[in-house]
Amino acid sequence: MFITLEGIEGAGKGSVIADLALALRGSGQDVLLTREPGGCPLGEALRAQLLDMRNTGIAAEAELFLYLADRAQHVREIIVPALQAGRLVLCDRYSDSTLAYQGYGRGRDPDFLRSLDNFASGGLKPDLTLLLDLPAETGLARARARNELENKVESEGRFEAEALAFHCRVREGFLTLARREPERFAVIDAGRPLAEVLAEARALVAQRLSQRA
C-alpha cells in the first residue's frame, strides 16, 4: 500500500508521518518511510539545491524538472521495489505537491504538469493521500519558526521565503486536488491540537487498511 502525506509548509507532515510509521510498525506492518525530495541519493543531492534559500535564481522551469527528476529516480529505485516486496510505503510529499506548488503556486497548467508527472512517476499513484490543511498564515509562521529553531533558514528555507499569496495559492491548489479525487484524499484539519491530528490520521489509515484486507 502506498500512502502519501501532503500539505503546505508547516502543516505538520513530519510529525504525522513519523507517528504513523511508529503505529504501523507496532501493529506488525513492514513500513518504508521516505520523502520527496530526498528519498534516494540523487534526491538528497537535488534537495540541497531545491530548498536552499541562497538559490533564488533557480528558474521555475528548472525547479519543475529537478523535482520530476527526483521523482523518476525515487519511484524506480525506492518506492516500486518496496511495494513489490509487499512493504507499506509512507511518503512525505509526492505528485500532488508538484501540482500544488509548481502548478497552482507558480501558475503552470495543472493538466500539462500531470502529463509530465505521469511520465516521471511511471503512472504510480498513491492508494491514500492524507492532506493536512490549515490557513497559510498559520503554516508559514510555524515553518519559519521551525527553521529558526533547527538553524535551517538558509539550507531549507527557499519556499518559506515566498510571499503569503504564493502559499495561499498552494493551499487552494491542494484543496482543489482533494475535491477532484475524494476517493483518494482525506483532508485533515491540521489547525487542531497535534494529538487530535495524529489520532485522526491513524484512524484513517487503519480504516483504509481494513478495507483492503
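**The pockets and their surroundings**

In this predicted model, the largest pocket is lined by 39 residues, and those that lie nearest its centre are E9, K13, G14, D92 and R146. The volume of the largest pocket comes to about 920 Å³, and its lining, sorted by class, holds 17 charged, 14 nonpolar and 8 polar residues.

The second largest pocket has a volume of about 240 Å³. Its lining is made of 16 residues, and S95, L99, R114, D117 and K125 are the ones that lie nearest its centre. Here the elements that give two or more residues are α4, α5 (110-121) and α7 (164-180), with the largest share, 4 residues, coming from α5. Divided by class, the lining of the second largest pocket has 7 charged, 5 nonpolar and 4 polar residues.

S95 lies in helix α4, and S95 counts as buried because its relative accessible area is 9%, which falls under the 20% cut-off. The side chain of S95 makes a polar contact, at 2.8 Å, with the side chain of D117, a residue that, like S95, is among those nearest the centre of the second largest pocket. When neighbours within four places in sequence are left aside, S95 is in contact with E6, R71 and D117.

In soluble globular proteins, nonpolar side chains tend to be buried together. The largest nonpolar core in this model has 46 residues, and L90 and L130 are the ones with the most contacts inside it. The largest share of this core, 6 residues, comes from α7, a helix that also gives two or more residues to the lining of the second largest pocket. Not counting residues up to four places away in sequence, L90 touches I3, I17, L20, A21, L24, V31, L32, L33 and T34.

Definitions and conventions: Residues numbered from 1 in each chain as written. Predicted model: local features only at pLDDT ≥ 70, side-chain atom pairs only at ≥ 80, totals over all residues. Heavy atoms only, no water. 1 Å grid on protein atoms, 1.4 Å probe; cavity = no way out; pocket = protein on both sides within 12 Å on 5 of 7 lines; lining within 4 Å. Points joined across faces, edges and corners; volume = space filled by probe spheres on them. Nonpolar A, V, L, I, M, F, W, Y, C, P; charged D, E, K, R; others polar. Buried < 20%, exposed > 50% of the residue type's maximum accessible area, 1.4 Å probe, protein only. Polar contact = N/O pair within 3.5 Å; in protein donor to acceptor, adjacent residues only side chain to side chain. Contact = heavy atoms within 4.5 Å. Core = buried A, V, L, I, M, F, W, Y, C linked by side-chain atoms within 4.5 Å.
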